[in-house]
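Let's go through a structure together, one feature at a time. Have the model open beside you.

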Amino acid sequence: MAFIFSKKPLIWVLLAVLLLTPAIHAYVLPSPSGPAVARQTPTKSSAVVESDAQPTTPPTRHRLAARDLQQTLSLYINWQSACDNNGKGGNDNAKQGAVSVNANIQQLWKTVTETINCGHGTVITVTETITATSTTTAPGNAPTEPPCDQACWDGYLWHTYGYGISVAQALTGIVCILIGIYFLVFGFRSFRYTLALTGFVFFAVMVWIGLTNNEPAGGYVNNDILYCCVCAGLGIVGAVICAFMFSISIYLIGGLGGFFFAVWILAWKASLVITVKVAYICFIVGVGVVASLLVYLLETYIIIAATSFTGAYLVIFGLDFFAHTGFLNAWVFIFDANPNHFNAYMIQTKVLVMMAFVAVFFLGSCGWQYYYNCIRHERTFGPASKSSAKRVAPAPYPIKKTQKKSGPTNPLVESSPKNFGIGQDVQPKRDLSRFVKWPKYVRLQRQKKILYQRLKVPPAVNQFTQVLDKNTATQLFKLAHKYRPETKAEKRDRLRAAAAAKAEKKEVAKTDKPVVVKYGINHITALVEAKKAQLVVIADDVDPIELVIWLPALCRKMGVPYCIVKGKARLGALVHKKTATALAITDVNEADKAELANVIAAVKSNFADKWEESRRTWGGGINGPKSNARLAKRAADAAREVAARQ
């Protein structure tokens with residue numbers, strides 16, 4: 001669970017807000033042309049009633065309250081008929097109808113103009129002339145609506161799918177089926193791919209909601225291409241984001257499963273189980289949030305359940321693009337709140353069968369994923385650790401544990417243990433690093449170190465083992481770094497510029513001598529003898545040591561502060577050399593004089609003030625383990641002899 005926590009929650013929140021803004025704006029906020037009413041349908045009574053004179057221009061359409069289900073289905077039948085007549089070349093746009101009106105406005109007539117989107121880029125305009133006649137209705141008796149017959153159901157399916165299977169429907173169905181099968185089989189097993197497909201589905205769904213709720217009355221230009229390309233493109237962007245921001249996108253798996261589960265629950269009743277728009281939106285969001293939070297508490301079980309249900313729903317969702325059962329209408333009815341669209345949702349046996357298969361696939365996938373990943377292979381959902389990714393090679397000579405055989409042995413089979421004596425069985429592989437002939441420089445530096453430990457080291461040599469402490473050395477090197485001399489390239493450029501100015505007979509401005517650290521053993525010796533050096537820095541690993549062994553005594557005699565630091569390579573780096581035996585600071589700027597004074601005070605307390613102590617301290621004399629063991633044995637023997645005499 002360590003990978004769940006992240007330092008980037010704000011980035012994810014901003015991306016989600018940017019993605020959901022168009023969908024929320026079109027789905028929740030009211031339309032600027034009038035109040036937003038759920039599931040509006042055009043009515044013949046919504047047109048403007050004109051006077052007895054003949055009409056001159058088409059009236060303006062005014063949207064009224066939502067119709068009931070039967071009127072919406074009747075509208076589907078009328079639209080289907082109009083699109084069929086238009087496809088056959090007919091011109092049956094002028095129709096006469098009769099509606100029930102008040103007796104006071106008898107013999108009036110009106111004209112209704114409607115724009116119908118027949119799909120595949122085909123948009124037609126239908127103008128209907130309706131004459132009102134007088135009818136009477138018994139008070140207290142509401143008109144009864146006939147049940148939806150075959151023509152009604154055909155119009156209902158035509159409004160959702162159109163005629164046949166378009167390229168966009170086939171492509172969307174295939175993608176949904178493939179993604180659903182992956183979630184059903186490999187949802188828990190593959191970590192990165194599951195996160196990527198989760199991000200793809202989530203971003204594509206949110207983009208579809210935004211597009212369909214902002215679609216104009218006549219549809220977009222190249223409607224199918226735009227929906228497919230925009231949803232797929234932004235879905236791929238979401239897949240990349242979720243694949244790499246796994247510490248947050250893992251919660252999206254549970255949220256997406258809860259999202260589809262809530263839609264599946266609502267679709268078990270015509271016009272939804274929860275009919276209030278705000279209520280079922282809150283239900284969908286609430287189930288998704290709860291499922292996301294449960295990922296933190298029950299990660300393995302919720303991931304298996306979420307991927308299984310998402311896969312089951314997507315498989316049935318994709319199949320419905322080919323079967324045309326009406327399963328998609330619940331989805332459209334919930335998320336399409338465009339005032340230019342008129343949606344309805346009904347249930348027949350085919351829809352119930354499809355929803356039942358969602359449950360069957362879900363249960364089967366849960367059982368399969370739990371058995372294969374948790375019981376058989378004991379997998380966990382998350383990125384593979386580095387230790388598990390690399391397999392350790394087996395030992396070249398594994399030690400086999402000998403087990404004592406119980407029961408009688410076969411006298412015909414003789415045991416033949418291996419004999420590793422001279423001229424016998426092949427010797428086993430052993431670690432021979434101790435017998436390696438190391439290079440000469442390695443042997444010399446190791447021998448030198450041992451000699452400095454075993455032999456008695458005189459004080460003049462032993463003083464180089466006492467170096468400046470780390471904090472003071474760091475402060476000293478920071479100060480010296482400000483006064484590094486110029487490099488060869490900088491000197492060459494400076495001399496060329498001066499030569500060019502002299503050739504052009506220009507006056508070269510004289511500059512003061514730069515303040516830099518001095519290096520070179522002869523140069524430093526001259527500076528110390530002239531008492532021009534304010535601080536001398538000596539390396540502790542100069543070889544041969546005779547080059548600098550006399551320098552501390554000279555500095556003390558001339559009253560110049562000195563110190564010994566680790567590493568001649570560190571001193572060489574300050575002056576653009578590989579190594580340097582010693583450096584000298586002669587002067588610094590006014591801003592750094594206080595810092596130099598602090599360094600000199602620390603150096604004096606560690607070296608100049610301890611001169612008498614260091615000149616009497618010898619080094620070395622440290623015995624090896626063999627010598628210590630021999631001396632301990634001698635002491636034990638002597639103690640036993642003394643005890644025997646007593």
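What follows is a dialogue on helices, aromatic rings and a sheet.

Q: Before we start, what kind of model is this, and how are residues numbered?
A: It's a predicted model, where local features need pLDDT of at least 70 and side-chain atom pairs count only at pLDDT 80 or more, while totals for chains, interfaces and linings use all residues. Residues are numbered from 1 along each chain as its sequence is written, and side-chain values use heavy atoms, with hydrogens and water left out.

Q: Which residues of α4 are buried?
A: Buried means under 20% relative accessible area, exposed means over 50%, and partly exposed is in between (1.4 Å probe, protein chains only). In α4 the buried ones include A168, G173, C176, I177 and F183. Their cover includes α3 (150–161), α5 (191–213), α6 (223–244), α9 (299–323) and α11 (349–376).

Q: What is N462 in contact with, outside its sequence neighbours?
A: Contact means heavy atoms within 4.5 Å. Leaving aside neighbours within four places in sequence, N462 touches V457, T617, W618 and G619. N462 sits in helix α14 (residues 459–462) and counts as buried because its relative accessibility is 11%.

Q: How many aromatic pairs are there?
A: A pair of aromatic rings is described by the distance of the centres and the angle of the planes. Rings of Phe, Tyr and Trp (its six-membered ring) pair if their centres lie within 6.5 Å; planes under 30 degrees apart are stacked, over 60 edge-to-face, and the rest tilted. The whole structure has 25 such pairs. Take F259 and W331: they're edge-to-face, with 5.8 Å between centres and 85° between planes. That pair links distant parts of the chain, with F259 in helix α7 (residues 246–266) and W331 in helix α10 (residues 328–335), 72 residues apart. W331 also makes a tilted pair with F335, at 4.8 Å and 55°. Both of these lie in α10, 4 residues apart, about one turn of the helix. F335 is buried, at 7% relative accessible area. F259, W331 and F335 belong to one aromatic cluster, whose members also include W208 and Y313.

Q: Where does a charge sit over a ring?
A: The test is NZ of Lys or CZ of Arg within 6 Å of the ring centre and within 35 degrees of the ring normal. The charged end of R570 sits over the ring of F477, 4.1 Å from its centre. R446 lies over the face of W438, at 5.0 Å.

Q: Which side chains of strand β7 lie on each face?
A: In a regular strand the side chains alternate between the two faces of the sheet. In β7 (residues 562–565), Y562 and I564 are on one side, C563 and V565 on the other, and all are buried.

Q: What is the strand order of the sheet?
A: Two strands pair if DSSP finds at least two bridges between them. The open sheet of 4 strands runs β5-β8-β6-β7, with mixed pairing. Its edge strands are β5 (518–519) and β7, each pairing on one side only.

Key
Helix = DSSP H or I, 4+ residues; strand = E, 2+ residues; numbered from the N terminus.
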